[in-house]
Number of protein chains: 4
Amino acid sequence: MKKVIVIGSGILGASTAYHLAKAGADVLVVDRKDKGQATDAAAGIICPWLSQRRNQAWYRLAKAGARYYPELIAQLQEEGESETGYAQAGALSVHHDPIKIGLMMERATLRKTDAPEIGDITELTESQTRGHFPLLAEGLSSVHISGAARVDGRALRDALIRSAQRSGAVFIRGEASLQVQANRITGVTAGKTTFSADSIIVCAGAWANSLLQPLGIDFQVGFQKAQIVHLEVPDHQDTGVWPVVIPPNDQYLLAMGQQRVVMGSTHENGITGYDTRVTAGGMQEVLNKGIDLAPGLANSTFLETRVGFRPFTPGFLPVMGAVPGWEGLIAANGLGASGLTMGPYIGKQLAQLSLGMELELNISDYDIRNAIKGV
Amino acid sequence: MKKVIVIGSGILGASTAYHLAKAGADVLVVDRKDKGQATDAAAGIICPWLSQRRNQAWYRLAKAGARYYPELIAQLQEEGESETGYAQAGALSVHHDPIKIGLMMERATLRKTDAPEIGDITELTESQTRGHFPLLAEGLSSVHISGAARVDGRALRDALIRSAQRSGAVFIRGEASLQVQANRITGVTAGKTTFSADSIIVCAGAWANSLLQPLGIDFQVGFQKAQIVHLEVPDHQDTGVWPVVIPPNDQYLLAMGQQRVVMGSTHENGITGYDTRVTAGGMQEVLNKGIDLAPGLANSTFLETRVGFRPFTPGFLPVMGAVPGWEGLIAANGLGASGLTMGPYIGKQLAQLSLGMELELNISDYDIRNAIKGV
Amino acid sequence: MKKVIVIGSGILGASTAYHLAKAGADVLVVDRKDKGQATDAAAGIICPWLSQRRNQAWYRLAKAGARYYPELIAQLQEEGESETGYAQAGALSVHHDPIKIGLMMERATLRKTDAPEIGDITELTESQTRGHFPLLAEGLSSVHISGAARVDGRALRDALIRSAQRSGAVFIRGEASLQVQANRITGVTAGKTTFSADSIIVCAGAWANSLLQPLGIDFQVGFQKAQIVHLEVPDHQDTGVWPVVIPPNDQYLLAMGQQRVVMGSTHENGITGYDTRVTAGGMQEVLNKGIDLAPGLANSTFLETRVGFRPFTPGFLPVMGAVPGWEGLIAANGLGASGLTMGPYIGKQLAQLSLGMELELNISDYDIRNAIKGV
Amino acid sequence: MKKVIVIGSGILGASTAYHLAKAGADVLVVDRKDKGQATDAAAGIICPWLSQRRNQAWYRLAKAGARYYPELIAQLQEEGESETGYAQAGALSVHHDPIKIGLMMERATLRKTDAPEIGDITELTESQTRGHFPLLAEGLSSVHISGAARVDGRALRDALIRSAQRSGAVFIRGEASLQVQANRITGVTAGKTTFSADSIIVCAGAWANSLLQPLGIDFQVGFQKAQIVHLEVPDHQDTGVWPVVIPPNDQYLLAMGQQRVVMGSTHENGITGYDTRVTAGGMQEVLNKGIDLAPGLANSTFLETRVGFRPFTPGFLPVMGAVPGWEGLIAANGLGASGLTMGPYIGKQLAQLSLGMELELNISDYDIRNAIKGV
């Protein structure tokens, strides 16, 4: 059976390992478990249909990622994984301006034609909106999207890992480096041990650059830092059924079960190194925008602030595929702010690619050369 | 020669009258010169190409409106109209997040394919951005669109009116009511005088509802109130060459000549009646957002606050055409926030329609029945 | 009878002229009626007892000024002056922190011992506070001072001027310059006319420096610019009975009759020249602080912004008395933010001083040499 | 030798135990070490001289507390206690308005007459002010008070406890209840053990009410919740020499050694129970005010938020003395926001009182009956 090593165990690496293991491959996953893993910090919104981005390749991928979720979650649940972190709780796209709500309804309805999974699209008055998410500010009406979902990155990743392990995948913690023979990647060294493999898949997100550098590959992935605040609502409210709240700016509110509400996030560019610090200014920004959106959260308890790094390519499109010039080396990266939406689906493609199976996706639209300088 | 009465002399009515008079028609324009005329308050940005709106009918119209400007302005200038209020000063679409700037570049470039009039699309660093508009906040980079323009609603309307008058059009001030015989509109009464006409064109914006009500027409045009602040930059800077500034939210900054900078605007819905008041809260909102965007404006002199009403239809699309069930009655309305972009071009269509000429535009996409209840 | 010329007709000059004329003097008042007269812009709060300032000389003067008001207003009303601009409407000293309210009660009660005119001191709950001033923010409790009053600077100044005129005083508009013979001021030139007098009293506030400069006097009066916003409450509420609102910061709200509410003010130092401009930043500051204090004012109508200059001396104490080294020259200045509180009372002292009468006040505490460099 | 039990080991209890032990008493301290101890959360500013509070009894006590510090710290240092948490780093009282700076200079100078320990009083320009505390906002000038100090509540308390232990004091953790015989307090029960004593001193701050309730004493001490944010400045700056910053509102900034800067605090009244939660709204308020004051702190690292409860009496004055009606029972409470300023000094008085020594302070001004209902 084919031996495959996956480097990185964020949502992308975990999904790749899961699909490989299910397909019978001999899978080893190496991760250095640094602070700042995007998946670890993230609470994801699965609702690509309202995006204003016009790039068709991006939208096709995001839409496919969202469509794949129910099938994946069903598979995990069949195996007995009850804690997938996924809940189709719907989303509220809110705005103070009813005219903008009308334009959103128009956009969502246009998009439904080729994405029925969007579910019911309903225009909600201010009081209906607050009926769905009781802590919101006054004056907000909304479009409700019933097919939208939320996912807890940690929980889904862990469920995928547990399932992969049950199918024989092995996860080790360590700093990986690539083993090279001529133009072929033969394996991975972690600590003092070397593991050989037929195929190596690099799902290392923000850390891929330094991993590939020894090969002379100038990988052009940049990072955006996100600080995300976790709160606990004091009164016993059933936060688990609250929909995701998407305001006009970059912020969001995502309720989870057990009284937890997540406020995200900063979008910090131009950071130097992996600055995993929670900063006074970052918290100020998130708290101001979040409490402005939902004043009722002012009285919630502060639990923690998480920090993640979103990887992105020069064209802001994910890239994936075989690394040109090297045998046995596959990579994917640049999932940006949509990592949880796209990650499970791209992981499936990577597994199929490394096993020589036919792909569902035309990955030439996401050519990995777009993220490599001088190719 | 055909006799046509135009009701309303905002940008739409003025353009209609201009094109009718140029075509040789016998034109009478009636306007009640109320406070709150959208054109009177507005400083328009001619830059539809960056809009995130997906409705194709809307975009076609906005694009055609922008494309028509250079031709119209050239005609006016040939007649000796130097004060058209139009200047192709370019636009800066600014953002704090360089990733968003990258996505804007992508969108603008996609749009240029069928809209070469967008001109040069240039990504500007923070310091280049402030080089174009010196008072901006720190931390903003931008996409510069060279083909974008600004237009002063009052000045363009007045230039169109002067030109129409030179071609024989007559403008009177008064409260118009429609004269009816069976199912035909025969003319208009203003004050104690009745004027007969072959065709009546209602360009009455926010006031059309009450004009059409006596005919039993339930016109579904709503209004959004806009408060717009005019400032004077103290030092002698050549504000006339500054580009329009378009931030991520609804606000904008528009410099004009003679040290004047316009900050707009509120988007007030659900107002009752024509509340033309300048309010403390409205000014607060505009000043806070504008000074946040351009802190250098804090030391500018407050000149005045203008109030206008933007008309919109239930589908947020302009409507135009012959009013069904009535002979001799044409109307257009619902130009929303794009009145100055689309108004001159739609006026041309209305003139052609009333004169029985062939239209450039397929107006069936903008069926006036969409704004009439029960048709 | 003694001939006296008063230069300046703000509240101080008007009161001086009034008291002189009542005492039978032959009074001429010269004023250049510039923009930016402090009195013209000001809406005054007569409530010195809560001040935290510890300077005893200052407090004695402010307290005496407040105590004099009822007597002065009664005299004016006896003459038939109904529009004095004065109303003993009380004051609310508000705070979000009940502990601070307790400390204010303590301070006010201590002060009442030698100032019974403070009236009733009452601690009000949040709902009682809003009962007195309905538009206030939530969460504010207050101390109510029944003896506090408001005064409209323009109205009181005009009432004093009308009364002085009835007693024979003459007011002329013009740019005054002093006439000198040896070390004696003999009169004043205004335009092409020279007026002689036994005594000249300079009440020229912010403009005194340039008036005294030709005498070689380096008068050390500085100015603070104040921008003050006037609003109209839309609904028919009896704003005339609303108390003055004094928050913990420098801002205030002062309701007048006829639906008018005044929001003050900026405190702009280091201005260059008499910059009488209403600025975007000044309005932003006043609107933000005022609407934060009384959110209900957001929907009020913006009427106008007034600009005034508050004169102050190096020691922040008013100065008054005969100018040393010159015969026939008296001046007073530096009333700062308390001009309307102290002005009428100091005017009375100046009149008595110039007429050789005994003074109520020991003016040596306010030695004019404190404001003259090199004396 | 006399046996004394002290209940509570905040700054007041620790100081009482220290002075008792030094005087040779047999001391036992019982504390339940709850979350929310005021001393544990607090970073104190020793600078009572600028307070605007007029109550003379309060000021005498605060002034005496500040004056006692150098002597106490010297004693601790003689014993070898180097970590007292105390540093005479000076204070900057900052304001945007230079006129207010002038008035502060006046107030400080008046106060120096009978408080030479205030040290040098210096008016600083904006650039001098930022020279002392580099992260401050632009536009702030200040009064610098050289005699002001900061103190870390935890460190000083621990130093006092260590010293008391060296002199034989015993500290135990437990929930204390009072042992009563007729009208005499005979000792304290903690857990299952009872300790007898000649005198019991209740220094239990916010928890005293429930301790005294079984005696039928209705103790009227209320609490104000304070949330305090601790930050770490990223660059290697010598924060240990930075002065305390006191702005016009209730906020403050206090730098400590090792890159730590403390931002305080909320002033939350009307809380129910001991709500020790760190809340989203509390952090938002502290961060907004603190970063507004010192924008340079936006990039500092968030370390933790501490919560404390400041006890206060109905008259906002500390109370102390023998509890009337009970023998062997002494209490002190209500130190409010000045606990660290006054606590060490009051602890000395309590020790003297319980040992029958003559007191430095006339404690009748702080009669404990003022905090007991119905006495």
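A: A polar contact is a pair of N or O atoms within 3.5 Å; within protein, one atom must be able to donate a hydrogen and the other to accept it, and residues adjacent in sequence count only if both atoms are side-chain atoms. The model is predicted, with local features needing pLDDT of at least 70 and side-chain atom pairs counting only at pLDDT 80 or more, while totals for chains, interfaces and linings use all residues. Residues are numbered from 1 along each chain as its sequence is written, chains are lettered from A and ligands numbered from 1 in the order in which they are written, and side-chain values use heavy atoms, with hydrogens and water left out.

The account begins with chains D and A. Between them, 13 residue pairs are in polar contact, both residues being at pLDDT 80 or more. By contrast, the count of salt bridges between chain D and chain A is zero, a salt bridge being a side-chain nitrogen of Lys or Arg within 4 Å of a carboxyl oxygen of Asp or Glu. On the side of chain D that touches chain A, helix H8 (280-293) and strand E18 (301-312) each supply at least two residues; helices (H or I, at least four residues) and strands (E, at least two) are DSSP runs, numbered from the N terminus. H8(D) provides the largest share of that side, eight residues. Sorted by class, the side of chain D that touches chain A has ten nonpolar, eight polar and one charged residues. Here Ala, Val, Leu, Ile, Met, Phe, Trp, Tyr, Cys and Pro count as nonpolar, Asp, Glu, Lys and Arg as charged, and the others, Gly among them, as polar.

In terms of contact (heavy atoms within 4.5 Å), 19 residues of chain D meet 19 residues of chain A. The area buried between chain D and chain A is about 1,500 Å², with 56% given by carbon and sulfur atoms; buried area is the accessible area (1.4 Å probe) that two parts lose on being put together, summed over both. Arg277(D), Ala280(D) and Gln284(D) supply 34% of the area that chain D buries against chain A, more than any other three residues.

Together, chain A and chain B bury about 2,000 Å², 51% of it on carbon and sulfur atoms. Arg54(A), Ile99(A) and Phe316(A) supply 35% of the area that chain A buries against chain B, more than any other three residues. Two salt bridges are found across the interface of chain A and chain B. Arg53(A) and Glu106(B) meet through their side chains in a salt bridge (3.0 Å, N to O).

Some chains do not meet. Chain A and chain C do not touch, their nearest C-alpha atoms being 14 Å apart.
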